[in-house]
Amino acid sequence: MPGVTGNMSLGNMFCSRCGDGFEPHEKIVNSNGELWHTQCFVCAQCFRPFPDGTFYEFEGRKYCEHDFHVLFAPCCGKCGEFVIGRVIKAMNANWHPRCFRCEDCSKELADLGFIRNQGRALCHECNAQAKAVGLGKYICHKCHGVIDDKPLRFRGEVYHPYHFNCASCKVELNSDAREVKSRPGFTSNEMNELYCLRCHDKMGIPICGACRRPIEERVVTALGKHWHVEHFVCAKCEKPFLGHRHYEKKGLAYCETHYHQLFGNLCFVCNQVIAGDVFTALNKAWCVHHFACSVCDQKMNQKTKFYECDLKPVCKKCYEKYPAELRRRLRKTHEATPKKAAV
């Protein structure tokens with residue numbers, strides 16, 4: 001703001017704020033043809049001089065930068081700071097251009113445009129993806145269009161199959177195409193290509209029975225199929241066997257615990273899976289070392305004679321110590337026939 005020294009006729013010069021005239025040799029402020037006393041040239045809100053002479057004018061009044069922002073400048077809907085310069089008005093709020101971004105991929109939307117999706121601002125690509133997910137479909141990584149049929153998976157992304165041709169016979173691919181990442185004698189970078197199912201089968205690369213993808217590394221062969229190590233799992237708990245023993249039943253594989261829980265026996269005493277020999281008696285099962293007389297706790301084996309008393313085994317020695325009347329009743333109830341444990 002240039003200051004001017006009064007070398008004009010002071011008779012027709014008046015301060016635009018207070019209306020008073022000027023003294024000879026008094027410093028005068030000239031702003032857009034209006035004259036001011038230096039003490040009158042202040043912010044219309046806080047009445048303080050303008051820092052560094054910078055002011056903002058609105059509806060004929062002048063304001064310092066701080067008060068102008070507080071009174072008139074919009075606040076950014078993301079960072080909360082005043083927006084000076086270009087303002088993006090969208091989603092019922094104001095934004096810095098750098099702050100108005102896609103809520104999925106964080107691209108700046110100021111020059112790309114956006115689509116409102118369930119209260120969120122999305123770029124066109126992310127909106128198409130969100131729409132496809134809602135329909136249970138995929139978005140092609142190449143053309144960004146919705147994939148209506150089965151997608152082709154390649155290098156961790158999904159595509160329309162017709163974007164690719166077989167690396168061997170050059171035929172246009174479909175969703176049955178196979179990605180080959182490595183083969184003996186080749187590096188992964190040299191391979192990592194797509195082949196039609198016919199050409200792939202000629203290579204002799206096994207296919208995983210779970211994910212139906214090629215197996216380029218360690219192969220597990222079981223149940224008449226090939227498997228990725230991490231895909232050969234227990235049919236009950238779905239944990240990989242990772243080389244541990246598995247049990248087969250009706251075309252499915254089970255870990256030892258769940259195989260015995262589903263198809264094996266639990267010990268009547270310890271309630272644990274009986275992994276070895278099983279004693280069965282009185283419609284119950286026991287571990288070998290847990291089958292004992294319920295009275296004296298003497299261990300019994302398959303040759304030991306025992307009697308049933310209160311649905312529990314009692315050895316012959318303890319049984320003979322029972323009162324005669326009790327034994328008579330037990331004999332009458334159980335037909336007095338000694339039973340042997342079965343292995």
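The model is predicted, so to speak of local features takes a pLDDT of at least 70 and side-chain atom pairs count only at pLDDT 80 or more, while totals for chains, interfaces and linings use all residues. Residues are numbered from 1 along each chain as its sequence is written, and side-chain values use heavy atoms, with hydrogens and water left out.

**Largest pocket**
- The largest pocket holds about 320 Å³ of space (a pocket is an open set of points on a 1 Å grid over the protein atoms alone where a 1.4 Å probe fits, with protein on both sides within 12 Å along at least five of seven lines; volume is the space filled by probe spheres set on the points, joined across faces, edges and corners).
- Its lining has 14 residues, with Lys181, Arg213, Pro214, Glu216 and His228 nearest the centre; lining residues have an atom within 4 Å of a point.
- Sorted by class, that lining has 8 charged, 4 nonpolar and 2 polar residues (Asp, Glu, Lys and Arg are charged; Ala, Val, Leu, Ile, Met, Phe, Trp, Tyr, Cys and Pro nonpolar; the others, Gly among them, polar).

**Second largest pocket**
- The second largest pocket has about 230 Å³ of space.
- Of its 15 lining residues, Glu125, Gln129, Ile139, His141 and His144 lie nearest the centre.
- Helix 2 (124-134) gives the most to this lining, with 4 residues (helices are DSSP runs of H or I, at least four residues; strands are runs of E, at least two, all numbered from the N terminus).
- By class, this lining has 8 nonpolar, 4 charged and 3 polar residues.

**Hairpin**
- Strand 2 (27-31) and strand 3 (34-37) run antiparallel, joined by 4 bridges (pairing takes at least two DSSP bridges).
- Asn30 sits opposite Leu35 in strand 3.
- The hairpin has 2 residues between its strands, and Asn32 takes a positive phi near 55 degrees.
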